[in-house]
Amino acid sequence: MKKKVAFYTLGCKLNFSETSTIARNFQEEGFDRVDFSEHADMYVINTCSVTENADKRFKSIVKQAQKVNPDAFVAAIGCYAQLKPEDLASVHGVDLVLGATEKFKITDYINDLSKNDFGEVHSCEIVEADFYVGSYAIGDRTRAFLKVQDGCDYKCTYCTIPLARGISRSDTLQNVIKNAKEIASQDIKEIVLTGVNIGDYGKGEFGNKKHEHTFYDLVEALDAIEGIHRLRISSIEPNLLKNKTIDFVADSNSFVPHFHIPLQSGSDEILKLMRRRYLSGLYVDRVTRIKEVMPHACIGVDVIVGFPGETDELFLETYHFLNDLDISYLHVFTYSERDNTVAAEMDNVVSKNVRSKRSKMLRGLSAKKRRAFYESQIGSVRTVLFEGENKEGYIHGFTENYVKVKAPWNPELVNQLKQVELVNIDEDGLVRFVFVDEKIEA
């Protein structure tokens with residue numbers, strides 16, 4: 001009988017791409033992959049250090065696995081496993097904890113899958129995380145997440161990612177192209193480029209600072225590959241998103257008009273405290289340039305509220321900055337203290353209830369921005385890629401510029417690209433449409 005393994009992934013698209021690669025390694029070793037809700041001999045939890053209450057979340061997922069099979073072998077990998085290995089190893093039921101470099105060799109660390117009395121830890125010093133492991137996620141979506149870069153050399157005062165993932169390093173251009181072609185050959189219509197700091201693409205496999213290729217070279221090479229319908233840039237720092245890249249995307253074959261650009265604060269005072277590598281003026285320039293060459297582009301923004309020193313006035317500066325900016329939605333993060341970061345030692349701490357109130361205000365602004373963006377797209381003709389899930393009798397999909405649409409469930413539409421005219425916004429905030437070639441309202 002083949003052993004069964006199940007995976008649970010927390011956090012970012014990069015984690016999903018790595019889980020997928022690790023799962024393929026298990027399958028090569030003779031394991032069958034099953035859903036996390038099913039009975040398995042081994043459960044692997046890919047952790048994240050960014051989500052608040054990472055510890056509580058992890059414990060509840062371990063309990064979930066133990067409910068299904070109390071005798072299963074449980075392993076923790078990923079960012080939180082690198083930062084707090086002993087904490088995870090002490091959780092009841094955990095047998096193995098692997099850090100940043102060890103996670104890709106997980107099958108080397110398992111023997112007969114018998115339970116350990118205590119969680120066994122294998123975690124490197126983060127300076128040893130200097131080699132690159134390529135990965136991509138396929139199989140469970142109409143899109144694939146393709147990892148092109150890992151680690152970060154930035155020193156943002158709130159962030160533990162450099163401690164969890166090490167220095168900035170990249171895949172070779174040749175290998176990225178090979179992986180992209182493999183994905184395209186499997187009838188996957190969309191590839192999302194992921195990494196920790198993908199605009200820094202080009203630093204060598206071992207983090208050597210000379211860029212053999214730039215992010216622009218990567219974009220240009222991927223756009224030339226036949227058989228890729230859509231390419232999407234997941235998230236890119238504003239100081240690394242160059243006008244040359246924006247202009248290329250505007251005229252490209254495959255890249256879609258959708259950018260996700262972290263801002264973190266609209267106040268220059270707070271940006272300096274965060275040690276971000278730009279000020280608000282540069283951010284305005286990037287948004288303006290995108291909208292000049294792609295008026296229909298979707299622009300998403302990351303923002304952190306409640307950072308130490310963020311007074312009411314400085315928060316309102318961020319609020320008004322975002323309100324006046326031609327953006328499409330926000331990802332709002334409530335600041336939370338992280339061990340071994342500069343910000344955790346800063347004065348002028350913002351109280352939890354004030355952080356929560358500010359977060360609510362920005363989430364309200366995000367809903368308003370998304371609605372306004374969707375309204376601006378009504379009457380336009382777009383191409384939708386339909387998803388594979390039946391959600392309460394409806395099929396969902398996304399236009400190239402990230403408008404979410406819905407129609408009555410039709411399995412024949414799954415993983416299809418269809419031209420539609422956007423007609424109106426439904427009561428749940430999603431967009432209804434008519435197929436251009438049929439003019440039948442969905």
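The structure is a predicted model, so local features need pLDDT of at least 70 and side-chain atom pairs count only at pLDDT 80 or more, while totals for chains, interfaces and linings use all residues. Residues are numbered from 1 along each chain as its sequence is written, and side-chain values use heavy atoms, with hydrogens and water left out.

The protein splits into domain 1 (4-128), domain 2 (130-252), domain 3 (257-375) and domain 4 (378-439), with bounds that come from an automatic or database domain assignment. Take domain 2 and domain 4, whose C-alpha centres sit 28 Å apart. Here eight residues of domain 2 are in contact with twelve residues of domain 4, contact meaning heavy atoms within 4.5 Å. The size of an interface is often given as the accessible area lost when the parts come together. Between domain 2 and domain 4 the buried area is about 850 Å², with carbon and sulfur atoms giving 47% of it; buried area is the accessible area (1.4 Å probe) that two parts lose on being put together, summed over both. On the domain 2 side, T142, K189 and R230 lose the most area to domain 4, and together they make up 61% of what that side buries.

What holds across this boundary in terms of charge? One salt bridge is counted between domain 2 and domain 4, a salt bridge being a side-chain nitrogen of Lys or Arg within 4 Å of a carboxyl oxygen of Asp or Glu. The side chains of R143 and E387 form a salt bridge at 2.7 Å, N to O. There are also six residue pairs in polar contact between domain 2 and domain 4, both residues at pLDDT 80 or more. A polar contact is a pair of N or O atoms within 3.5 Å; within protein, one must be able to donate a hydrogen and the other to accept it, and residues adjacent in sequence count only if both atoms are side-chain atoms. The side of domain 2 that touches domain 4 has no nonpolar residues, two polar and six charged.

Helices (H or I, at least four residues) and strands (E, at least two) are DSSP runs, numbered from the N terminus. Both R143 and E190 are buried, where buried means under 20% relative accessible area, exposed over 50%, and partly exposed in between (1.4 Å probe, protein chains only).

Another salt bridge joins R165 and D150, with the closest N and O atoms 3.0 Å apart. Since R165 is in helix 5 (residues 161-165) and D150 in strand 9 (residues 149-150), the pair ties together parts 15 residues apart in sequence. R165 is buried at 3% relative accessible area, and D150 is buried at 4%. R165 and D150 also belong to a network of salt bridges that links them with E18, K103, K147 and R169.

K406 and D428 make a further salt bridge, the closest N and O atoms being 3.0 Å apart. K406 is in strand 18 (residues 404-408), and D428, 22 residues away, is in the loop between strand 19 (417-425) and strand 20 (431-435). At 6% relative accessibility K406 is buried, whereas D428 is partly exposed at 44%.

Now for some single residues. T245 sits in helix 8 (residues 243-251) and is buried, with a relative accessible area of 3%. Leaving aside neighbours within four places in sequence, T245 is in contact with F215, Y216 and V219. L330, in strand 15 (residues 329-334), is buried at 5%. Not counting residues up to four places away in sequence, L330 touches V301, L322, L362, L365 and S366.

Finally, N340 has a positive phi of about 65° although it is not a glycine, and N340 is exposed, at 70% relative accessible area. N415 also has a positive phi, near 65°, but N415 is buried at 13%.

Methods: Nonpolar A, V, L, I, M, F, W, Y, C, P; charged D, E, K, R; others polar.
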